[in-house]
Amino acid sequence: MSPVRGVLLDLDGTLADSPSVILSAFHDACAPYGAVPLPGDARALIGKPLDAILPRLIPGGDETVWAEAKALFRESFARRSRTAASSLVFPGIRDLLAELSSEGIGIAVVTSKITRSAHELLEATGLDGYPDVVVGHDQTPRGKPAPDPALLAAESLGLAPQECVVVGDSPDDVVMAVCADMAAVGVGWGVSDAEALLSAGADCVATTVTELAGRLHGPVMETARKVTR
């Protein structure tokens, strides 16, 4: 296992506390069609592409309805995230990204958002200066949990998969990493608990940003796949 030279980070629930904004945007997108999602049901879908989410939230819709709802969601999320931007970034994330960047570690954001929406959120939260690469759902034939987004991010950073670690809060992030032959660190402050992340194949789960920094810098990540895979 090569030392970590690239860190591929999920966005929603990993870098930014945006799930609450997403839930409100789900409501705005679904309410015109008489579908008001229950928070618990909708929260379980966060991290998946909208094309997979909206048919489940509006089961009586069709392609036209889902396309309209998608536009409503994106408008609502952009508006709400701009309003709440200053409070969305998890404490310690900016310092972690600055530290990784100063050490010459490649940083990629890999998300189920389309790339334009990811850039909008990164800009609104002031995180846009850190990633070297942003890979959205629209850039690869298959999104998470397929390995395609992670492999594209590694290629764009000029790194081999074995030199990268994926950091995310959902099982889809972890499965993507495993399928791409990358180490995976789950984070416990997002939408999934440690049991779900470890069951999906995470090498470890960090409960705080400080612990995450230690995992990324420690020798455990250099040997994780050799020990656990």
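Let me start with a term: a residue is buried under 20% relative accessible area, exposed over 50%, and partly exposed in between, using a 1.4 Å probe and protein chains only. Helices (H or I, at least four residues) and strands (E, at least two) are DSSP runs, numbered from the N terminus.

Now the ground rules. This is a predicted model, where local features need pLDDT of at least 70, side-chain atom pairs count only at pLDDT 80 or more, and totals for chains, interfaces and linings use all residues. Residues are numbered from 1 along each chain as its sequence is written, and side-chain values use heavy atoms, with hydrogens and water left out.

Let's go to strand 2, residues 106-110. Five of its five residues are buried. Which way do they point? G106, A108 and V110 go one way, and I107 and V109 go the other.

Next, the neighbours. Two strands pair if DSSP finds at least two bridges between them. Strand 1, residues 6-9, runs parallel to strand 2, with four bridges joining them. Here L9 has V109 as its bridge partner. Strand 3, residues 133-135, also runs parallel to strand 2, through three bridges. V109 turns up again there, opposite V134.

Strand 1 pairs with strand 4 too, in the parallel sense, over four bridges. L9 stands opposite V167 in that strand. Strand 4 covers residues 164-168, and five of its five residues are buried. C164, V166 and G168 lie on one side, V165 and V167 on the other. Then strand 4 pairs with strand 5, residues 183-187, again parallel and over four bridges. V165 stands opposite A183 there.

Strand 2, helix 6 (residues 115-125) and strand 3 form a right-handed β-α-β unit. Strand 4, helix 8 (residues 171-179) and strand 5 form a right-handed β-α-β unit as well.

On to the helices. Helix 5 spans residues 93-102, and its buried residues are I93, L96, L97 and L100. They fall within an arc of 95° seen down the helix axis, so they line one face of helix 5. That arc is taken from the directions from the helix axis to the C-beta atoms. Why does such spacing work? An α-helix has 3.6 residues a turn, so residues three or four places apart point the same way.

The face of helix 5 turned away from the buried side carries exposed D95 and S102. What covers the buried side? Contact means heavy atoms within 4.5 Å. The cover includes strand 1, strand 2 and helix 10, residues 209-217. Helix 10 has buried residues of its own: V209, L212, A213 and L216. Their arc is 100°, so they too line one face of their helix. After helix 5 comes G104, with a positive phi near 80°.

Now the largest pocket. A grid of 1 Å is laid over the protein atoms alone; a pocket is an open set of points where a 1.4 Å probe fits, with protein on both sides within 12 Å along at least five of seven lines, and lining residues have an atom within 4 Å of a point. The volume is the space filled by probe spheres set on the points, with grid points joined across faces, edges and corners. For the largest pocket that is about 320 Å³.

Its lining has 23 residues, and K48, L50, F73, S112 and K113 lie nearest the centre. Helix 4 gives the most, with five residues. Look at F73, which sits in helix 4. F73 counts as buried because its relative accessibility is 7%. Leaving out residues up to four places away in sequence, F73 touches I22, A25, F26, A29 and L50. F73 and C30 are 43 residues apart in sequence, yet 8.4 Å apart in space, C-alpha to C-alpha.

Two loop details to finish. K144 and P145 are joined by a cis peptide bond, omega about 10°. P145 lies in the loop between strand 3 and helix 7, residues 148-157. The other detail is D181, in the loop between helix 8 and strand 5. Its phi is positive, near 65°, in a residue other than glycine.

Terms used: Right-handed = clockwise from strand over helix to strand, strands pointing away.
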